[in-house]
Amino acid sequence: MKTNILFCGYSYHTQRYHSQYKTGFPAYLLRLQTEGSCEVVARGQKKTIEKGDLLLIKPGDHYELLVPEGSNSADYHLSIEGDWADEWWDRSPKPLVSRIELDEKLLSLWRYIMIEKRRPALSQHEELTGHLLRALCLTIERMVHETVHTYQHPYPVIRMMRYIEEYATTGFKIEDVAQHAGLSVSRTVHLFKSSVGSTIMEYAQEVRLSAAIERMKYTSLTLDQIAIDCGFGSYPYFHKVFKKRYGVPPGQYRRKDKGLPH
């Protein structure tokens, strides 16, 4: 299924800016606020859009954007149309505005698409651009789903969870999580436990175990190497944690999963 990218870019406004589509926006629009704020009128709602807010517009939506005088406003924006875009939009609810993480991997995908679209027509790699676009849209879909529908957690907790998931296998300190969430250490520890039901380190341990299971299933790495790669430090500690969690040692779990004799 083909999807056409109408435009993809980055804007920074320091003066009053106003655009409007009173008869309806002609395609799908994805707009992520990265700095400052602006005002949007769409789907019969007036919203103040702030840093970290993702705006999703579908074809036919009335859409007005206003950057007030004296404001600084920056955003990444993308407009698409086509069969795949229709399917992507319809597969799950798309709120008008969602608060998501300004994740560097997400922004990198956006920038890669911008770079490809700037290339001369003969140099553009349509298949590559299509894969990048789908990766971006699917990542956004997951972030919206996790933030709005799956986890009923405060936004700082969502930031903590994403940080832990990224750094669980390479190591981090509680202070790092607190700094990322913009909270004190004590507030970070209390808020995470009260919202998630486990401590930060318990959550990190679950991430490490999940990563270890994936490697046991889909790679030929040794258990010693898996223990190191997944942040356990040594196989004896990995063995202890794994057996306590799943009731069997890692080696037995791996043989059973692959249908090998015990």
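Q: Why does R43 count as partly exposed?
A: In this predicted model, R43 has a relative accessibility of 29%. Buried means under 20% relative accessible area, exposed over 50%, and partly exposed in between (1.4 Å probe, protein chains only), so R43 counts as partly exposed. Residues are numbered from 1 along each chain as its sequence is written, local features need pLDDT of at least 70, side-chain atom pairs count only at pLDDT 80 or more, and totals for chains, interfaces and linings use all residues. Side-chain values use heavy atoms, with hydrogens and water left out.

Q: Where is R43 found, and what is its phi?
A: R43 is found in the loop between β3 (28-42) and β4 (45-50). Its phi is positive, about 50°, although R43 is not a glycine.

Q: What makes α5 roughly perpendicular to α6?
A: Helix α5 (residues 174-181) and helix α6 (residues 185-196) pack at an angle of about 90°, their axes 9 Å apart. Angles under 35 degrees count as roughly parallel, over 145 as roughly antiparallel, 65 to 115 as roughly perpendicular and the rest as oblique, so α5 is roughly perpendicular to α6.

Q: Which residues make the contact of α5 with α6?
A: With contact meaning heavy atoms within 4.5 Å, they are I174, E175, V177 and A178 of α5 and V185, T188 and V189 of α6.

Q: How do you know that the span of helix α2 agrees with what it should be?
A: The expected span is 1.5 Å times one less than the number of residues. For the 15 residues of α2 (residues 104-118) that should be 21 Å, and the end C-alpha atoms are 21 Å apart, so the two agree.

Methods: Axes fitted to C-alpha atoms, helices over the stretch in contact; angles between N-to-C directions. Helix = DSSP H or I, 4+ residues; strand = E, 2+ residues; numbered from the N terminus.
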